[in-house]
Amino acid sequence: MVYRILALDGGGTWSLIQVKALTALYDKNTTGHTVLKDFDLVAANSGGSLVLGGLVENLKLGDLFNYFQDEQKRKSIFSPTKSILNRILRLLTKVGPTHSTEAKLPGIMQLLPNKGTLSLSSAAQGIRRAGSNVDTHLLIIGFDYDRNRAAFFRSAPAAGKQWGTGDSSPITLAEAIHASTNAPVNYFDAPTIFSNRSERYWDGGVTGCNNPVLAAVTEALVLGQNPTDIVALSIGTATIALPWPGPGQSPSPLTQAPTHQSLIADLRKLATSILDDPPDIASFLAHVMTGAGKGVPAPADSRIVRMSPLVSPQLDANGNWVAPAGMTIAEFSYLVDLDIDVVEQPQVDAISAFAELWLQDKVSNQPIRMNGDNLQLELGCKSFHDAVVAWNTINGGFP
């Protein structure tokens, strides 16, 4: 039996893209449990864990999208820090936290009035794929601030011969999401801490698992799955990919420019790098771990299907970089400059409109692997609908 994984990237407000992708795969009236019952394991990080929480809460996909569309709910997640020192630091250096960790948990609870106070095992109880004798395995990624290591919040133990033992998590669903969504340095002002526990947590992106598909495949192997029985749908929150200007070309809003090196610039780069290319290698590593495409029926070329829009220009017939179809250069540049913690409605509308262009195949899909210089696809799916076809091809099994 094919073992199905759903992996949901972090990405703050951009996680609404995941809800739009799921809605395209199902429909807006599909409930969260209906989605979860299609999978044996669901892994999530940061903003993706909010989406997972909404699925566990059994919200309809349309209602989950409305949560991200509600400006007051967004502001309850990204509430301003009360620290005057942090505000001054940010004003002077553009580095430093802007949001209150303490105020975030009540905002998360607005999404999870029924399931938020339950342990992950209790929240997942009864949610299982047809034919399975175990509940869908939930995995939320965090970072243990004091032990300097990954923290895997599980709904059930994961153990295997020569693998060791990973215990199920004692904290609640809302607390696990609170820990996983706590991006440090440039976003939230303190590690997550709970009144009845001493551990402190940062966002799971610090572990390199902003794209949690590699962690999910590893978890499946520990649970005893054969690598070539594993298939995974990895849904991202958009990745900025700008080409380098060619010889003699002047820099433009559509191409990459070298970063001016300084201490402040380096600190900002480190603070935001958890969302950039290093985690994106997870899709390729998961591809290798599950057989590197051997035996996968065409047109799919991997057991890993990546669905995530690329914020990148496109080549026209003359070989020139142009804005994606349906966007002006100004609209494209505006999108490139948006951070993960946007709350104002025009910003969110721009992300949503961009996601619609992706769903219409006017914006490129992120491959599993691509040439970093010319952005040409080397492995994976070029468009959203190519990814849909690939997923439909592999998730029912192999000939």
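## Helices α1 and α4

In this predicted model, helix α1 (residues 16-25) packs on α4 at an angle of about 160 degrees, and the two axes are 9 Å apart. Angles over 145 degrees count as roughly antiparallel, so α1 and α4 are roughly antiparallel to each other. Their crossing is left-handed.

On the α1 side the contact is made by Leu16, Val19, Lys20, Leu22 and Thr23, which meet Leu61, Leu64, Phe65 and Phe68 of α4. Sorted by class, the contact of α1 with α4 has 7 nonpolar residues, 1 polar and 1 charged. An α-helix has 3.6 residues a turn, so residues three or four places apart point the same way.

## Helices α3 and α4

Helix α4 (residues 61-69) also packs against helix α3 (residues 47-56), here at an angle of about 140 degrees and with the axes 10 Å apart. That angle makes α3 oblique to α4, because the roughly antiparallel class takes angles over 145 degrees. The crossing of α3 and α4 is right-handed.

Leu50, Val51, Gly54 and Leu55 of α3 form one side of the contact, and Leu61, Leu64, Tyr67 and Phe68 of α4 form the other. The residues of this contact divide into 7 nonpolar and 1 polar, with no charged residue. Leu61, Leu64 and Phe68 of α4 are among the residues that meet α3, and they are also among those that meet α1.

## The loop between α3 and α4

Asparagine 58 is found in the loop between α3 and α4. Its phi is positive, about 70 degrees, although the residue is not a glycine. Most residues other than glycine have a negative phi. With a relative accessible area of 31%, asparagine 58 is partly exposed.

## Glutamate 71 in helix α5

Glutamate 71 belongs to helix α5 (residues 71-77). Its relative accessibility is 22%, so glutamate 71 counts as partly exposed; the buried class is for values under 20%.

Apart from neighbours within four places in sequence, glutamate 71 is in contact with Val343, Glu344 and Gln345. Glutamate 71 and glutamine 345 are 274 residues apart in sequence, and their C-alpha atoms are 6.6 Å apart in space.

Helix α9 is mostly covered, with 8 of its 8 residues buried. The buried residues in α9 are Leu173, Ala174, Glu175, Ala176, Ile177, His178, Ala179 and Ser180.

Asparagine 182 is found in the loop between α9 (173-180) and β7 (192-193). Asparagine 182 is buried too, with a relative accessible area of 0%. The side chain of asparagine 182 makes a polar contact with the side chain of threonine 192, at 3.4 Å. Not counting residues up to four places away in sequence, asparagine 182 touches Thr101, Lys104, Phe188, Ala190, Pro191, Thr192, Tyr201, Trp202 and Asp203.

The peptide bond from alanine 298 to proline 299 is cis, with omega near 10 degrees. Most peptide bonds are trans.

Alanine 292 has a positive phi of about 55 degrees although it is not a glycine. At 45% relative accessibility, alanine 292 counts as partly exposed, because exposed residues are those over 50%.

Valine 2 is placed in the segment before β1 (3-8). Valine 2 is buried, with a relative accessible area of 12%. The C-alpha atoms of valine 2 and glutamate 219 are separated by 15 Å, and the two residues are 217 residues apart along the chain.

Valine 389 lies in helix α15 (residues 384-394). Valine 389 is partly exposed, with a relative accessible area of 41%. Between valine 389 and aspartate 361, which are 28 residues apart along the chain, the C-alpha separation is 13 Å.

Terms used: Residues numbered from 1 in each chain as written. Predicted model: local features only at pLDDT ≥ 70, side-chain atom pairs only at ≥ 80, totals over all residues. Heavy atoms only, no water. Helix = DSSP H or I, 4+ residues; strand = E, 2+ residues; numbered from the N terminus. Buried < 20%, exposed > 50% of the residue type's maximum accessible area, 1.4 Å probe, protein only. Polar contact = N/O pair within 3.5 Å; in protein donor to acceptor, adjacent residues only side chain to side chain. Contact = heavy atoms within 4.5 Å. Axes fitted to C-alpha atoms, helices over the stretch in contact; angles between N-to-C directions. Parallel < 35°, antiparallel > 145°, perpendicular 65-115°, else oblique. Left-handed = near helix turned anticlockwise from the far one by under 90°. Nonpolar A, V, L, I, M, F, W, Y, C, P; charged D, E, K, R; others polar.
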